[in-house]
Amino acid sequence: MTIERRTARLLMRQWTPADREPFAQMNADPEVVEYFPSALTREASDSLAARAQAHLDEHGWGLWALEADGRFAGFTGLARPSWDRSVVEVGWRLPRWAWGHGYATEAAREALAVGFDELGLAEIVSFTAAPNERSQAVMRRLGMTRDPTADFDYPGIAEGHPLRRHVLYRISAASSRTTE
């Protein structure tokens, strides 16, 4: 499997040492992490990038570093949540300068194609904190649908925390072909 992927405007690629600083800045930006329990420290951000690259090295798919016009633009890709290894999720995180250009949808659509066409997955999920309307809009643009009975309390977020409740969206391989 080819690790690097290209879309019309984006490069989904392996992580480089040069990505660490803009990735850490993005993960510390209060607006970017508004729907996460907290911002990431530099150490935690570097660790996430290293784990993402290790997964790409081992499996040929995962969370790709995203590049737009030669500039680091966050990540997108596929992952198995640590609390439920039976599902594969599509996810993204982009710096504020990259919002509003359709990059998340474009890159996630390519990640879905990898999941369905190359990995042979039957279904891919995505989830976010219930108040995160921007991510839910991307999920809907991808053709994903929400079943409110599948919403859940995110493991590791304390009871009563406003971000504990998460919404879950799904897309099947068959329905993904109708949204292309």
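Colleague: How many aromatic pairs does a search of the whole structure find?

Modeller: The search finds 11 aromatic pairs. This is a predicted model, with residues numbered from 1 along each chain as its sequence is written. Local features need pLDDT of at least 70, side-chain atom pairs count only at pLDDT 80 or more, totals for chains, interfaces and linings use all residues, and side-chain values use heavy atoms, with hydrogens and water left out.

Colleague: What makes Trp-15 and Phe-23 an edge-to-face pair?

Modeller: Rings of Phe, Tyr and Trp (its six-membered ring) pair if their centres lie within 6.5 Å; planes under 30 degrees apart are stacked, over 60 edge-to-face, and the rest tilted. Trp-15 and Phe-23 are 4.8 Å apart centre to centre, with 65° between the planes, so the pair is edge-to-face by that rule.

Colleague: Why is the pair of Trp-15 and Phe-75 called tilted?

Modeller: The ring centres of Trp-15 and Phe-75 are 6.5 Å apart and the planes stand at 45°, so the pair is tilted. Trp-15 lies in the loop between β2 (10-13) and α1 (20-28), whereas Phe-75 is in strand β4 (residues 71-79), so the pair ties together parts 60 residues apart in sequence. Helices (H or I, at least four residues) and strands (E, at least two) are DSSP runs, numbered from the N terminus. Trp-15, Phe-23, Phe-72 and Phe-75 form one aromatic cluster.

Colleague: How do you know that Trp-15 and Phe-23 are buried?

Modeller: Buried means under 20% relative accessible area, exposed over 50%, and partly exposed in between (1.4 Å probe, protein chains only). Trp-15 has 8% and Phe-23 has 0%, so both are buried.

Colleague: What is Phe-23 in contact with, leaving aside its neighbours within four places in sequence?

Modeller: Phe-23 is in contact (heavy atoms within 4.5 Å) with Trp-15, Ser-45, Leu-48, Ala-49, Phe-72 and Phe-75.

Colleague: How do you know that the buried residues of α2 line one face?

Modeller: Ser-45, Asp-46, Leu-48, Ala-49, Ala-52, Gln-53 and Leu-56 are buried in α2. Seen down the axis, they fall within an arc of 160° (taken from the directions from the helix axis to the C-beta atoms), so they line one face of the helix. They pack against β2, α1, β3 (63-68) and β5 (89-93). The face turned away from that buried side carries exposed Glu-43, Arg-51, Asp-57 and Glu-58.

Colleague: Which residues are buried in α1?

Modeller: Phe-23, Ala-24, Met-26 and Asn-27 are. Seen down the axis of α1, they fall within an arc of 160°, so they line one face of the helix. They pack against α2, β4 and β5. Asn-27 has a relative accessible area of 0%, and, not counting residues up to four places away in sequence, touches Val-33, Ala-39, Leu-40, Ser-45 and Arg-93.

Colleague: What makes the charged end of Arg-71 sit over the ring of Trp-97?

Modeller: The rule asks for NZ of Lys or CZ of Arg within 6 Å of the ring centre and within 35 degrees of the ring normal. The charged end of Arg-71 is 4.0 Å from the centre of the Trp-97 ring and counts as sitting over it.
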